Amino acid sequence: MNTMRLGAQGPGNYVLDSDFLLNMEQAQFDVILCLSVTKWFHLNWGDSGIKRVFMRMYAQLREGGVLILEPQGFQSYKKKRKLTDTIWRNFQAIEFFPHHFTEYLLSEVGFTKCETLGSPLHPSKGFQRPIKMFTKGSKRDSRSGKEINPSGEWT
Ligand SMILES: C[S@@+](CC[C@H](N)C(=O)[O-])C[C@H]1O[C@@H](n2cnc3c(N)ncnc32)[C@H](O)[C@@H]1O
């Protein structure tokens, strides 16, 4: 099983410079762990950056693979909003809020299932955030169970 844990051993900056680069990604992981990192993608690269991150995660997962996601709530963004000028500008421009992430991952990115695994029993209340698991189903699972044929049309 091939696992990537963002922010731990880290692949450097995970946010690609453009959406075009998503085409180069290879499905190579069975599990991607993204714990307490979304706020930093979002504050430093804005709505387009965090959306690209989600697209990249999906592209890097093999069919049947899972994204384990623990996003920070918007409240915790507020404490960091003045860290840099870029963060301040991005913070002010946010229209895609953390409470939109699940819907986006399921309806736009392509994940087929979302399960809440629970919240950790952490001494600090700020870290007692729900952890969600998103599954990348097979092509047959997605789009209401319809299967994509080799010509690319939904059957
Ligand atoms: C609060 S820590 C989370 C700890 C980590 N998720 C773990 O499982 O141990 C936030 C992490 O986000 C990482 N991070 C922030 N911006 C990043 C980026 N653009 N690309 C990759 N990692 C990033 C930092 O390196 C830091 O380790």
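Select Val-66 to begin: this residue is buried because 20 other C-beta atoms lie within 10 Å. A residue counts as buried if 20 or more other C-beta atoms lie within 10 Å of its own, as exposed if 12 or fewer do, and as partly exposed in between, with C-beta atoms placed from the backbone. The model is a predicted one, in which local features need pLDDT of at least 70 and side-chain atom pairs count only at pLDDT 80 or more, whereas totals for chains, interfaces and linings use all residues. Residue numbers start from 1 along each chain as its sequence is written.

Val-66 belongs to strand β3. Helices (H or I, at least four residues) and strands (E, at least two) are DSSP runs, numbered from the N terminus. Now display the partners of Val-66: leaving aside neighbours within four places in sequence, Val-66 is in contact with Val-31, Met-133, Phe-134 and Thr-135. Contact here requires that the C-beta atoms of two residues, placed from the backbone, lie within 7 Å.

Next, colour the whole protein by secondary structure. Five helices and five strands are present, and from the N terminus on they follow the order β-β-α-β-α-α-α-β-β-α. Of the 155 residues in the protein, 23% are buried. Among contacts with a separation of 6 or more, 70% are accounted for by residues 24 or more positions apart.

Select helix α1, residues 38-60. Its end C-alpha atoms are only 17 Å apart, whereas a straight helix of 23 residues would span 33 Å at 1.5 Å a residue; the expected span is 1.5 Å times one less than the number of residues. Centre on Gly-46, where α1 bends by about 135 degrees. That bend is the angle between axes fitted to the seven residues ending at a position and the seven starting there.

Remain on α1 and select Tyr-58, which lies in this helix. Tyr-58 is buried because 21 other C-beta atoms lie within 10 Å. Not counting residues up to four places away in sequence, Tyr-58 touches Val-109, Gly-110, Phe-111 and Lys-136. Between Tyr-58 and Phe-111, 53 residues apart in sequence, the C-alpha to C-alpha distance is 7.5 Å.

From Phe-111, move to Leu-106, which touches Phe-111 and Cys-114 when residues up to four places away in sequence are not counted. Leu-106 is in helix α4 (residues 101-109). This residue counts as partly exposed because it has 15 C-beta neighbours inside 10 Å. Thr-135 is 29 residues from Leu-106 in sequence and 9.4 Å from it in space, C-alpha to C-alpha.

Now show the largest nonpolar core, which has 21 residues; Ile-32, Cys-34, Val-53, Phe-54, Met-57, Leu-67 and Phe-134 have the most contacts inside it. At least two residues of this core come from each of β2 (29-35), α1, β3 (61-70) and α4. The most is given by α1, with seven residues. A nonpolar core is a set of buried Ala, Val, Leu, Ile, Met, Phe, Trp, Tyr and Cys residues joined through C-beta atoms within 7 Å.

Finally, display the ligand. It is surrounded by 13 residues, the closest being Gly-7, Tyr-14, Ser-36, Val-37 and Trp-40; a residue is near a molecule if its C-beta atom, placed from the backbone, lies within 6 Å of it. The shell comprises eight nonpolar, four polar and one charged residue. End on Ser-36, in the loop between β2 and α1. Ser-36 is not a glycine, yet its phi is positive, at about 60 degrees. Most residues other than glycine have a negative phi. Ser-36 is partly exposed because 15 other C-beta atoms lie within 10 Å.

Methods
Nonpolar A, V, L, I, M, F, W, Y, C, P; charged D, E, K, R; others polar.
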